[in-house]
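Hi there,

Here is the structure I promised to pass on.

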Amino acid sequence: MGNSGSSSDNPRYSAAARAFTPKGLEDLRSLHASLAAQSGTNGQYVSPAVFKAYIGIDGPFGDRIFDLVSQKRKDQRLTYEDLVIAKGTYEKGTKQEIEEFIYEIIDVSDDGIVGRSDLEVVLTSMFNNLFHEDGYELKQIEAYIDAANLTSDSMSFEDFQKWCAHVPAIRKYLGSLLKPSDSGTQIPKFLIPDNIDRDQILLTKEYAWHIGGALSHHDLEEWKLLYHSGVHGQSFNTFLGHMIKAPTVLVIKDKEGCIYGGYASQPWERHPDFYGDMKSFIFQLYPKAAIFRPTGANHNIQWCAVGFSSESIPNGIGFGGKINHLGLFISANFDQGHTFECTTFGSPSLSKTTRIYPETIECWGVVPAAGDDRPEVLKGTVLNRFKEDRHMLNMVGLANSSE
């Protein structure tokens, strides 16, 4: 085996190597040579310690990754062929092959069953690596595990795939394990006015990372705090007065202690009907952490009504569902609202009860990255934007047959 580039008798290596360009194989050879040099093995193999330092993961989870990448030989050696085979599957395989590989990785105990204890090990290691905080509280770990809605103490492969859809940040992280330790882990920089005490802020780095899993790279540069009910008062007009022509992240903590909200891809502006596009989504942060994207069942994405006197147009802001039965709604007084099961996002009630009483409301503006002409994103009629969204949904087979 060793470092033989193209003359290997290993059919797995030969098949994996064909997935790379000559330049790609040369880059892998250079990477292996560099890591092997750090391992002090005369360029023959990479040691577990150096490999785990490269990916930034130590402990049982790091051991599990090394074991799989080195083909479970248990010889504590990662060869060049091992690296090509692992990356060929993990980065060049089909979606199914990649997720099967990841599913095997998170079976830390290697007993053929992904149990809650495996998930706790994986998530604890992941959060310690991401946020550099040892000893993550179990209740924070449980918020992500609970998103899987497990009916037993184990997670099937189908459960894992559904879980990835609701916690895309975790899927994104698990999909970048064989890259340098700072890959695939972007957390936006918070821009907070000087007159606001940071201890008042609901949004944490962990929450922002979770929400950001469903966003593109250019939406994760800077998030600016536009409105905080504890500072600006619970006023709908004040809220709207602080908004900008950009996407926003709305975060709510209610009097039950639940934290949730929504990402609005369109600005909060007065409308007599639903508007928005399929880039928006709603989410839970605590005590469960999950993201719910549009299903294509309808176009009732975003709601923002102010100054209307008709009962058929309730004043306030919200997401999804139907009038007076939204997936998430805050009344114009900002003192109450509701959250119902919602076909727009395929979401449950986001709180413990359908009737909610906000304790704190925050809204963050997603500040465009340098060179990003954000206003262009907002141009065009709502109808035209939905035509684009429907085309996208048709491509993935999610569009509803009826308008």
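Which residue in β10 does Ala-305 stand opposite? The residue there is Gly-316.

Before the rest, a word on the source: this is a predicted model, where local features need pLDDT of at least 70 and side-chain atom pairs count only at pLDDT 80 or more, while totals for chains, interfaces and linings use all residues. Residues are numbered from 1 along each chain as its sequence is written, and side-chain values use heavy atoms, with hydrogens and water left out.

Helices (H or I, at least four residues) and strands (E, at least two) are DSSP runs, numbered from the N terminus. Two strands pair if DSSP finds at least two bridges between them.

Around β10

Strand β10 (residues 316-322) has six of its seven residues buried, meaning under 20% relative accessible area with a 1.4 Å probe, protein chains only. Four bridges link β10 to the antiparallel strand β9 (residues 302-305). Six bridges tie β10 to β11 (residues 325-331), also running antiparallel, and here Phe-319 stands opposite Leu-328. β10 and β11 make a hairpin with two residues between them, and Asn-324 in the turn has a positive phi of about 65°.

Helix α5

Helix α5 (residues 80-90) is largely enclosed by the rest of the structure, because 10 of its 11 residues are buried. Among them are Leu-83, Val-84 and Ile-85. The buried residues of α5 pack (heavy atoms within 4.5 Å) against α1, α2, α4, α6 and α10.

The open sheet

Seven strands form an open sheet of mixed pairing, in the order β3-β4-β14-β5-β6-β7-β8. Its edge strands are β3 and β8.

Best wishes

Note on methods. Buried means under 20% relative accessible area, exposed over 50%, partly exposed in between (1.4 Å probe, protein chains only).
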